[in-house]
Amino acid sequence: MRVVNLENNNRKFTKSIGNFHVLEYIQDASVSPMNAVDEYFMSKMNVRRRQVVIDIDRDHSAVIQAGAMQWMGGNVQATSGVKGIGDLFGKAIKGAVTKETAVKPEYVGEGTLVLEPTYKYIILQDVSMWGANGMTIEDGMFLACDSKVKRNVVARKNLSSAVLGGEGLFNMSLHGNGAVALESNVPEEELIVIELENDKLKIDGNLAVCWSSNLDFTVERTTKTLVGSAVSGEGLVNVYRGTGRVLMSPVAPTNSLFSSTNTVNAKAAAKNSNTLGL
């Protein structure tokens, strides 16, 4: 199989890591007269559809979020990735605490795998570049990874303050060799990269996209006393301690702008239907 025109005047690969590629629709030509103006200005503001394209071969298979596959070509098969009842139970628990799907299918064989388009920004990272302990990501950001990347669930150290701060108690940790694709509300060029060397970083809210797994991650008061926190107008903050890296989004929380690809597409379809009187 050979895909002749995956790239053209409207679609371009904007980033690649290993066998993972980001395909961006520079201009969405599949529009109606009713929403052409909106789509035009969206493209000018970098609000565009993006897809992850993954090359599958005997050395590279991929694990993706359930329901994220759009099409696949060649000798590519989907497997459940479940190795038994115990494994299924463990995956169900991990999915429940990290807001991810319980079972993530694994695609093996030889060919091409293309994921559903999204209006979110795709961040590709090489997990091996995050050191032996790998990286931890914010809830709901995982889209796909190389099957060689190991996925674990890590808990925050002081669970009581995490509950009071309205944050999740658990996050997904990734380590090993291979690429990972994350869905972000902001483009990668707007992320602030913070390198810590035996230091600490305090962030008000869930603005961190991902961070080194070896960092101590807690939720704490901004001051030593409740009275001090009340007077300062600040409450609880996320604190990262140690030596490692944090990617932070300074302009939008990681889970606020877009609820999901399907929701965005459904709203657009409903708008078009209403406008056309369908």
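Modeller: A salt bridge here is a side-chain nitrogen of Lys or Arg within 4 Å of a carboxyl oxygen of Asp or Glu. This is a predicted model: local features need pLDDT of at least 70, side-chain atom pairs count only at pLDDT 80 or more, and totals for chains, interfaces and linings use all residues. Residues are numbered from 1 along each chain as its sequence is written, and side-chain values use heavy atoms, without hydrogens or water.

Colleague: Which residues are linked in a network of salt bridges?

Modeller: Glu 24 pairs with Arg 48, with closest N and O atoms 2.7 Å apart. The network consists of Glu 24, Arg 48 and Arg 50.

Colleague: How many residues apart are Lys 15 and Glu 188?

Modeller: Their side chains meet in a salt bridge at 3.0 Å, N to O. Lys 15 is in strand S1, Glu 188 in the loop between strands S12 and S13, and the separation is 173 residues.

Colleague: Where in the protein chain is confidence lowest?

Modeller: The mean pLDDT (the predictor's confidence in each residue, from 0 to 100) of the chain is 80. Strand S3 has the highest confidence, at 97. Over residues 259-278, pLDDT stays under 50. Confidence is lowest, at a mean of 41, in helix H5.

How values were computed. Helices (H or I, at least four residues) and strands (E, at least two) are DSSP runs, numbered from the N terminus. Contact means heavy atoms within 4.5 Å.
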